[in-house]
Amino acid sequence: MRRGLADHVVDRMIRSVEVTHPRAVRRHVPGAPDLIARLTGSRIAGAHRRGKFLWLTFQEHDDALMVHLGMSGQMLIRSSGTSRDKHAHIVADLGGTQLLFVDQRTFGGWWLAPLTEVDGSVVPESVAHISRDPFDPAFDPKAVAVRLRNRRSEIKRVLLDQTAGMSGIGNIYADESLWRAKIHPQQVADELSRPAVARVVEAAQVVMTEALAAGGTSFDSLYVNVNGSSGYFSRSLNAYGREGEPCGRCGASIIREKFTNRSSFYCPRCQRLR
DNA sequence: TATATCTCCTGCGGGC
DNA sequence: TGCCCGCAGGAGATAT
């Protein structure tokens, strides 16, 4: 999505902004009128990302437009005059084209945040606490493995914690990474061996690289790029969503278990709790 | 201070 | 057919 935005919106000026759902801008504390006023007339300078956080920078000022897609958010490019999507909560007119923020479940949103320097990188303040993701040039797998292994919590919880050492991993990629590394999701991180944690980090890098190459993981029309096309990584999933199906490695039936208001999928034979 | 749980939300599918 | 319930899940707030 970041790449798509870089291709379609960089160097474009925001001519007007319309906010039709207050929840979409709830993280912009001064409110929708302030967000609209500060974006209008701004020319987009760049599109950036860390983990699941996306932001646009501008030529005129040092505030970044933060974008988080939550579960169902989309950033879509449409020709002006195209019929409005029911869940298009924010529309930015770029002159001839529109940048839409569409979000069915309203977990995502837009807000402005000042840029700041953290650990040698310039990022929005909202991202200062978020760990680097595996595609960050400064991502250090060995240092990340040490940080993860310091946590006395289940390894899957640690992977989902965006501040724990590595960001960008959600429920799907956590299950896929742990399947690949042959680690049980409930294994406590600080009870894992150094090689085992290193294996998890490496597996996460591989899983996310493959997913990125496939355009992301899509199960339905909610997961699309800026042009509305879906990713195809879901066809490559080994554990997530495969309850009762044979493990591609050993043939055992994939198990689904409740995990903090969501589900974990894993192979009971390859991923034993030790 | 570290870790765990709750909450927000909408559309869909299943059960009755 | 219509109603109700559970489920999906990211991240901040709140609780332990």
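How far does a polar side-chain atom of serine 153 lie from a phosphate oxygen of DNA strand B? The separation is 2.4 Å, a value taken from a predicted model in which local features need pLDDT of at least 70, side-chain atom pairs count only at pLDDT 80 or more, and totals for chains, interfaces and linings use all residues. Residues are numbered from 1 along each chain as its sequence is written, chains are lettered from A and ligands numbered from 1 in the order in which they are written, and side-chain values use heavy atoms, with hydrogens and water left out.

**DNA strand B**

- Of the atoms of DNA strand B that come within 4 Å of the protein, sugar and phosphate account for 74%.
- By class, this surface has one nonpolar, five polar and six charged residues, where Ala, Val, Leu, Ile, Met, Phe, Trp, Tyr, Cys and Pro count as nonpolar, Asp, Glu, Lys and Arg as charged, and the others, Gly among them, as polar.

**DNA strand C**

- DNA strand C is surrounded by 17 residues, of which the closest are His68, Met71, Tyr240, Arg256 and Ser263.
- Sugar and phosphate make up 60% of the atoms of DNA strand C that come within 4 Å of the protein.
- Phosphate oxygens of DNA strand C are approached by an N or O atom in the side chain of histidine 68 at 2.3 Å, by one in the side chain of lysine 258 at 2.9 Å, and by a polar side-chain atom of serine 263 at 2.7 Å.
- Strand E10 (255-259) and strand E11 (262-266) each supply at least two residues of this surface, strands (E, at least two residues) and helices (H or I, at least four) being DSSP runs numbered from the N terminus.
- The residues of the surface near DNA strand C comprise four nonpolar, seven polar and six charged.

**Packing against helix H6**

- Helix H3 (residues 141-149) and helix H6 (residues 194-214) have axes that come within 9 Å and cross at roughly 120 degrees, the axes being lines fitted to C-alpha atoms over the stretch in contact, with angles running from 0 to 180 degrees between N-to-C directions.
- H3 and H6 are therefore oblique to each other, since angles under 35 degrees count as roughly parallel, over 145 as roughly antiparallel, 65 to 115 as roughly perpendicular and the rest as oblique.
- The contact (heavy atoms within 4.5 Å) involves Pro141, Val144, Ala145, Leu148 and Arg149 of H3 together with Arg194, Val197, Ala198, Val201 and Gln205 of H6, and its residues divide into seven nonpolar, one polar and two charged.
- Helix H5 (residues 171-181) packs with H6 at an angle of about 125 degrees, their axes 8 Å apart, and H5 and H6 are therefore oblique to each other.
- Among the residues making this contact are Tyr173, Leu178 and Ala181 of H5 and Val200, Ala204 and Val207 of H6, and by class the contact of H5 with H6 has 10 nonpolar, one polar and four charged residues.

Note on methods:
Near = heavy atom within 4 Å. Polar contact = N/O pair within 3.5 Å; in protein donor to acceptor, adjacent residues only side chain to side chain.
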